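Good morning, and thank you for making the time. Please keep the structure in view as I speak.

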Amino acid sequence: GGTVARVLRSPRSVLGEGESSAPLLTVNDEIPSGLEGAGSYLVVPLLSPLPRGECAEDRWLYRRDCPAFRPRSGVRTAGEAAAPGGEGLDLSPCLGCRHYPVAGVMVVTDRGRSERIRRSDQLTLESLSYAVSALLQNATLYGDVKSAERFRDQILDGMTDGLISTDDRGRVAFLNRRAQEMLGCTAEEAVGRRLDRLLEVPGEDPPLRAALLEGRPTLRVEGRLHRRQDETLPVLVNVAPFRLEDGGARGAIAVVEDLSTVEAMQEEIRHLDTLAAIGRFASSMAHEIRNPLGGISAGMDYLGRSASLGEEERQSIEIIQSEVSRLDRIIRNLFQVARPSKLQLRETDPAEAAERAVAGLAEWAAHKGVEVSVRARREMPRFHVDRDLLHQVILNLVKNAVEASGPGDRVEVALESEGGPGEPAVVLE
């Protein structure tokens, strides 16, 4: 309460004179310490030079549904909970609104003076209040502009595409964070450079020229963005003129989309299509080759049972049968490439799988004079794997090792457990 509250609610200056004047300020019906004993005082409102029209309409005063209401920062209106440890007065909706034309009050008392406040002092303080109000208004507007700039920068830097703007001569004036990443340079290094030297778009009608001279946009054309060290980046480009309110072109805005990942995906798709075609061709060829191989194998078996064959002829037949079997294995591998089978995962002991594979080759290796063995601990971590494929891998490795060994050599399959309790692993060597 008091005169300060009265001036805030009805923006007119008040000069309090003599002991009969209303108190300057009361809080909970008490005069705050330091304000007692003032013989006279002057309270002048700080009026905004640009009040809103809604504030002048009586039907919106002190109504919470006012369309112009915007709360002041750090101020709570009546009925709102105070911030922990906060101080201040509960204000009505209008007093807590940034658009209310009263920004505050200026107060002068006669404490420390030999004479009371006079009307001439009121004229001086009211003149000063206009300058202070203008400064407060400018500070508020400046804060709004900086807040809008921060909001704009956050939006532009959050874009997944690069944004580049130019002046009327095609020189870079602004670029967002994504454009800096795509160019591989900072904003300071790019500003002032010609956009057509950074962005190359093939064709007889350059998009930048069309935007600056003709005011015509160019949408979704492919080009190359020149990076440092003579690198280029494939991009999809949209260029449009930047216009003033009167319609005159002032510059251009280019939005560039990185196509490097798209090109990589397209290349991968082409590679997969090629592999699929090769697989289909290999499958058809394997069918054609496997049929005569069956006849050749059957004929060799029939010839091998002849009693009139000598030792040299039998060795030749064995070599032919061995080569036929090798061709058959190659064809089976082609089938697996063309039509990969689904893994049959089962819990498996890797040491047991190694011992089973080595046992199948032990007699064949002994015939070549090579010793094969498995070295593993009794307890090994168990894994979910395809047993047949794991058996085939170990079998092929051991067979290759035996074939590369001579009489008296030894091939050992060693399994070592690695990893912690949560991530067990086994290394087969």
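The model is predicted, so local features are reported only at pLDDT of at least 70 and side-chain atom pairs only at pLDDT 80 or more, while totals for chains, interfaces and linings use all residues. Residues are numbered from 1 along each chain as its sequence is written, and side-chain values use heavy atoms, with hydrogens and water left out.

What does H10 meet in H11? With contact defined as heavy atoms within 4.5 Å, Ala353, Ala354, Arg356, Ala357, Val358, Leu361, Trp364 and Ala365 of H10 meet a set in H11 that includes Leu390, Ile394, Val398 and Val402. The residues of this contact divide into twelve nonpolar, one polar and four charged. In that classification, Ala, Val, Leu, Ile, Met, Phe, Trp, Tyr, Cys and Pro are nonpolar, Asp, Glu, Lys and Arg are charged, and the others, Gly among them, are polar.

As for geometry, the axes of H10 (residues 350–367) and H11 (residues 387–403) come within 9 Å and cross at roughly 40°. Axes are lines fitted to C-alpha atoms, for helices over the stretch in contact, and angles run from 0 to 180 degrees between N-to-C directions.

Several H10 residues are buried, among them Pro350, Ala354, Leu361 and Ala365; buried means under 20% relative accessible area, exposed over 50%, and partly exposed in between, with a 1.4 Å probe and protein chains only. The cover over the buried residues of H10 includes H11 together with strands E10, E11, E12, E13 and E14.

At the other end of the numbering, helix H1 (residues 2–9) has Thr3, Val4, Ala5, Val7 and Leu8 buried. Strands E1, E2 and E3 are included in what covers them.

Now the chain as a whole. The protein chain contains eleven helices and 14 strands, and 28% of its 429 residues count as buried. Of its contacts between residues at least 6 apart in sequence, 61% join residues at least 24 apart.

Ser165, in strand E4 (residues 162–166), counts as buried because its relative accessibility is 18%. Beyond its neighbours within four places in sequence, Ser165 contacts Arg171, Val172, Ala173, Phe174, Ala252 and Ile253.

Most residues other than glycine have a negative phi. Asp29, in the loop between E1 and E2, has a positive phi of about 65°, and counts as exposed because its relative accessibility is 76%. Arg220, in strand E7 (residues 218–226), has a positive phi near 55° and is also exposed, with a relative accessible area of 60%.

Definitions and conventions
Helices (H or I, at least four residues) and strands (E, at least two) are DSSP runs, numbered from the N terminus.
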